[in-house]
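Please look over the model below before reading on. The paragraphs that follow move from one residue's surroundings to the chain as a whole.

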Amino acid sequence: MVPHLATALSGPLLDLERRFLDNQTTIEQWLRSQWLDHTPPFYCSVDLRNAGFKLAPVDTNLFPGGFNNLSPALLPLCVQAAMSAIEKICPEARNLLLVPENHTRNQFYLQNVARLAAILRHTGLNVRIGSLLPDITVPTTLDLPDGQKLTLEPLRRIGEGGRRLGLEDFDPCAVLLNNDLSAGVPEILRNIHEQYVIPPLYAGWHLRRKSRHFAAYQEVATQFAAAQGFDPWLINPEYGTCGQINFHERTGEECLAANVDMLLFRLRAKYKEYGIDSKPFVIVKADAGTYGMGIMTVYDASEVKGLNRKQRNKMSVGKEGLQVTEVITQEGVPTFETVDDGSAEPVVYMIDRYVVGGFYRVNTARGVDENLNAPGMTFKPLAFETHCSLPDCALSPDAPPNRFFAYGVVGRLALLAASLELERSNPEAQ
């Protein structure tokens, strides 16, 4: 199964994909040289948008929660990549503690936790799952829709002086977080000694900002495009930021409108340069957080002024009910891919520096210019049954294996940007 293309692939993106195909060797060499100087996150997922005239990441998640959506055929790749990551971080590791989100009712997310635990067990690790939920006071087994069982256990501090994190009768070498810490770092996760915490606590959304990630991505895209000889705009979404905004009190609206107006001005020039016969738009979203909350599509700066109560309520609250005070204005990248008559966007999954698979997020209730991470979305893993690292030069540049190779390249550029972002966020490096 491959996605239906709403329009024939032609023009700048076809040229870009052909360039990726022709330069496969130099692209892999360039990426390999980058990993000599930078350490990739343990895992990462990247939401991409294919507009037909550009291919760009629109979100990068350092705590990916959709491993259950990957094709089972790709699990051996996940295991191999996880082995590589673990050997670099803690080669002596035997026990690993997985700390998930507090979603005991979200069956899809729990299946993700079960799939992730299974991948890690196949690497030769003893894996148990420690819950931050206060009502998990004894080991609790949950039945999952696919017939699996998942046991959550209460976290506790262990060792002399409570220096380590573990479970009853379980002292792990490493702690893998699948919790994005949107609400901050719980006390039980603070001041852990002698154990690896992956990703580091400062990767959580309590500190992380999308604008810092896309600043790093802009650097990566510019360097990569210069090395390969093309305009970085073809893979880079323009953006701006606006802090100190309060949607309820309507403060910061002028800053937001000015940012939107400036971005649209730049986009109109780019659309004219490339002969793109459509109207540019901007996505306004919270600078921190995930789950597709606090997002709106605007075509004119006037649309962010005088929002009605429903719009202000939607934009003012993120995950965990946290108040939105900083926003990013990001170039809207329309999608021209559809699956089952729904707007679709590819999501690329990586472990260590390797692409391990992906799927399409599909939403029949949303348009090509809207956020698809919203109620009504479904996932189509079979669209990625072809591996992202095996292009076929005998086929056209937009044939599925070659298109997926292009997705894998841009996904890895976002992964590299995430590594730069984490290096610069490390409090020990300040």
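A contact here means heavy atoms within 4.5 Å. In this predicted model, local features need a pLDDT of at least 70 and side-chain atom pairs count only at pLDDT 80 or more, while totals for chains, interfaces and linings use all residues. Residues are numbered from 1 along each chain as its sequence is written, and side-chain values use heavy atoms, with hydrogens and water left out.

Leaving aside residues up to four places away in sequence, Val284 touches Leu256, Val260, Gly294, Ile295, Met296, Val298, Val304, Met315, Val327, Ile328 and Thr329. Val284 is also, together with Phe20, Tyr217, Phe224, Ile235, Leu256 and Val260, among the residues that touch the most other members of the largest nonpolar core, which has 88 residues. Such a core is a set of buried Ala, Val, Leu, Ile, Met, Phe, Trp, Tyr and Cys residues joined through side-chain atoms within 4.5 Å, where buried means under 20% relative accessible area (1.4 Å probe, protein chains only). Helix H8, residues 400–425, gives this core its largest share, 14 residues; helices are DSSP runs of H or I with at least four residues, strands runs of E with at least two, both numbered from the N terminus. Another core, of 39 residues, lies apart from it and includes Cys78, Cys90, Ala93 and Leu176.

Across the protein chain there are eight helices and 19 strands, and buried residues make up 57% of its 430 residues. Among contacts between residues at least 6 apart in sequence, 69% join residues at least 24 apart.

The pLDDT, the predictor's confidence in each residue from 0 to 100, averages 88 over the protein chain, with 90% of the residues scoring at least 70. Over residues 1–10, however, the pLDDT is below 50. Where pLDDT is low, the predicted coordinates should not be read in detail.

Terms used:
Buried < 20%, exposed > 50% of the residue type's maximum accessible area, 1.4 Å probe, protein only.
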